[in-house]
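Please keep the sequence and the structure in view while reading.

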Amino acid sequence: MEVLDHCKSESRLAPTDNRRASIAMRLVTKGGEFLRAGGPQEALAAYRHAREILDGLSGSQNDNADLGLTLSLVYRKIGDAMRAQGDLGGAKEAYRSSLAILEGLANFHPDNVELQHHRAETLAALSATSD
């Protein structure tokens with residue numbers, strides 16, 4: 001958790017949006033490491049902090065496909081961590097948030113194949129919580 005504390009401090013002091021986005025991506029990577037090591041609680045903390053950073057960046061950039069895709073991915077990863085903990089209701093909520101972002105982006109970028117791919121993956125994850 002020491003890494004997470006360091007990233008939280010660093011993100012508050014980061015001088016640019018690019019630097020904050022870079023910190024968010026480090027947190028996503030660290031969350032994946034935690035999840036693979038059997039630490040869904042730590043993964044969830046990392047993903048949630050990444051989401052906070054990206055939410056702050058996305059407020060004025062609703063049509064930014066890269067930022068939106070990244071934020072959607074973070075919500076999906078939050079869902080994965082919650083599912084690993086057995087919290088299917090929380091996982092469904094996170095997956096639905098991911099889908100809402102993707103569908104909003106599709107209005108700005110209807111021909112973006114990557115958006116459609118992420119949408120399909122998120123729908124599959126959502127359907128896995130309904131079993």
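Contact here means heavy atoms within 4.5 Å. The model is predicted, and local features therefore need pLDDT of at least 70, side-chain atom pairs count only at pLDDT 80 or more, and totals for chains, interfaces and linings use all residues. Residues are numbered from 1 along each chain as its sequence is written, and side-chain values use heavy atoms, with hydrogens and water left out.

**Overall make-up**

- The secondary structure of the protein consists of 6 helices and 0 strands, where helices (H or I, at least four residues) and strands (E, at least two) are DSSP runs, numbered from the N terminus.
- Read from the N terminus on, the order of elements is α-α-α-α-α-α.
- Of the 131 residues in the protein, 40% are buried, a class that means under 20% relative accessible area, with exposed meaning over 50% and partly exposed lying in between (1.4 Å probe, protein chains only).
- Among the contacts in the protein with a separation of 6 or more, 57% are accounted for by residues 24 or more positions apart.

**Helix H2**

- H2 has 20 residues and reaches 29 Å from its first C-alpha to its last, close to the 28 Å expected at 1.5 Å a residue, the expected span being 1.5 Å times one less than the number of residues.
- The buried residues in H2 include Ala-24, Leu-27, Val-28, Gly-31, Gly-32 and Phe-34, and Ile-23, which also lies in this helix (residues 17–36), counts as buried because its relative accessibility is 0%.
- The C-alpha atom of Ile-23 is 8.4 Å from that of Ile-53, a residue 30 positions away along the chain.
- Just after H2, Gly-38 takes a positive phi of about 85 degrees.

- For helix H4 (residues 65–84), the 20 residues should span 28 Å at 1.5 Å a residue, and the end C-alpha atoms are 28 Å apart, which agrees.
- Just after H4, Gly-86 has a positive phi of about 90 degrees.
- The axes of H3 and H4 come within 9 Å and cross at roughly 155 degrees; such axes are lines fitted to C-alpha atoms, for helices over the stretch in contact, with angles running from 0 to 180 degrees between N-to-C directions.
- H3 and H4 are therefore roughly antiparallel to each other, the term used for angles over 145 degrees.
- Residues making the contact include Tyr-47, Arg-51, Leu-54 and Ser-58 of H3, together with Leu-67, Leu-71, Val-74 and Ile-78 of H4.

**Two serines**

- Ser-58 lies in helix H3 (residues 40–58) and is buried, with a relative accessible area of 15%.
- Leaving aside residues up to four places away in sequence, Ser-58 touches Leu-67 and Leu-71, while the C-alpha atoms of Ser-58 and Gly-68, 10 residues apart along the chain, are separated by 7.3 Å.
- Ser-98 has its place in helix H5 (residues 88–108) and is buried, with a relative accessible area of 0%.
- Ser-98 touches Ser-72, Tyr-75, Arg-76 and Thr-122, again not counting residues up to four places away in sequence.

Key. Angles under 35 degrees count as roughly parallel, over 145 as roughly antiparallel, 65 to 115 as roughly perpendicular and the rest as oblique.
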